Amino acid sequence: MDCLFCKILAGEIPNYTVYEDDNVLAFLDINPCAKGHTVVIPKKHFATVAVIDEVDWQKLNAGLFQAVKKVEEVIKPDGLNIGLNDRPTAGQAIAHLHWHIIPRFKNDGGGSMHSIVKGEAGEVGAVAKLF
């Protein structure tokens, strides 16, 4: 497999580990947005959210929770953005499911999740009818 994250898991590419358990590896992002920017990946290869099963999702989230605690403890940020980019249109650059933990600091110039997309969302009531 030619997956960068799978190569990290196989030990072919070094990383700076933040947290690891049987199901996840969390490591510092090589191209960080902020001090302590951490990537959390499942040890099993899943390309997107659509292909992971519920049990593995729960295991991954337990590891994500532990990684967040570690980042909070070590970096002591004023806040965090935690998210994932699912598929290329949403910014997923590596086709291996992963979360970003981005520490935030007062006056760092960053925005909220609402600052990611500036397109037309539609009226909530009309969209709600789709569900």
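This is a predicted model: local features need pLDDT of at least 70, side-chain atom pairs count only at pLDDT 80 or more; totals for chains, interfaces and linings use all residues.
Leaving aside its neighbours within four places in sequence, aspartate 21 is in contact with Lys43 and Gly63. Aspartate 21 sits in the loop between strand 1 and strand 2. Threonine 89 is 68 residues away from aspartate 21 along the chain, and their C-alpha atoms are separated by 30 Å.

The protein has three helices and five strands. Read from the N terminus on, the elements follow the order α-β-β-β-α-β-β-α. Along the principal axes, the C-alpha atoms fill a box of roughly 50 × 35 × 25 Å. The protein has 131 residues, and 34% of them count as buried. If we take the contacts with a separation of 6 or more, 54% of them are accounted for by residues 24 or more positions apart.

In what order do the five strands lie in the open sheet? The order is 1-2-3-5-4, and the pairing is antiparallel. Strand 1, residues 17-20, and strand 4, residues 79-83, are the edge strands, and each of them pairs on one side only. From one strand to the next, the twist averages 15 degrees.

Strand 1 and strand 2 run antiparallel and are joined by three bridges. A hairpin of three residues leads from strand 1 to strand 2; aspartate 21, with which I began, belongs to the loop between these two strands. Within this pair, glutamate 20 stands opposite leucine 25 in strand 2.

Helix 2, residues 54-75, lies across strand 1, strand 2, strand 3, strand 4 and strand 5, and runs at about 20 degrees to strand 5. Helix 2 contains 22 residues. From its first C-alpha to its last, helix 2 reaches 31 Å, close to the 32 Å expected at 1.5 Å a residue.

Which residues of helix 2 are buried? They are Asp56, Leu60, Gly63, Leu64, Ala67, Val68, Val71 and Ile75. Seen down the axis of helix 2, these buried residues fall within an arc of 155 degrees, so they line one face of the helix. What covers them includes strand 1, strand 2, strand 3, strand 4 and strand 5. Gly63, one of the buried residues of helix 2, is also one of the contacts of aspartate 21.

Tryptophan 57 is another residue of helix 2. With a relative accessible area of 30%, tryptophan 57 is partly exposed. Beyond its neighbours within four places in sequence, tryptophan 57 is in contact with Val49, Ile52, Leu84 and Trp99. Proline 42 is 15 residues from tryptophan 57 in sequence, and the two are 8.9 Å apart in space, C-alpha to C-alpha.

I now come to the backbone. Most residues other than glycine have a negative phi. Arginine 87 is not a glycine, yet its phi is positive, at about 80 degrees. Arginine 87 is found in the loop between strand 4 and strand 5. Asparagine 107, also not a glycine, has a positive phi of about 60 degrees. Asparagine 107 lies in the loop between strand 5 and helix 3, residues 124-128. Is asparagine 107 buried or exposed? Asparagine 107 is exposed, with a relative accessible area of 83%.

Finally, the cysteines. A disulfide is a covalent bond between the sulfur atoms of two cysteines. How many disulfides does the count give? With a cut-off of 2.5 Å between the sulfur atoms, the count comes to zero. For cysteine 6, the nearest cysteine sulfur is that of cysteine 3, 3.7 Å away, and cysteine 6 is in no disulfide. Cysteine 6 counts as buried, at 18% relative accessibility. Cysteine 33 is in no disulfide either, and its nearest cysteine sulfur, again that of cysteine 3, is 20 Å away. Cysteine 33 counts as exposed, at 61% relative accessibility.

Notes: Residues are numbered from 1 along each chain as its sequence is written. Side-chain values use heavy atoms; hydrogens and water are left out. Buried means under 20% relative accessible area, exposed over 50%, partly exposed in between (1.4 Å probe, protein chains only). Two strands pair if DSSP finds at least two bridges between them. Helices (H or I, at least four residues) and strands (E, at least two) are DSSP runs, numbered from the N terminus. Axes are lines fitted to C-alpha atoms, for helices over the stretch in contact, and angles run from 0 to 180 degrees between N-to-C directions. Contact means heavy atoms within 4.5 Å. The expected span of a helix is 1.5 Å times one less than its number of residues. The arc is that of the directions from the helix axis to the C-beta atoms.
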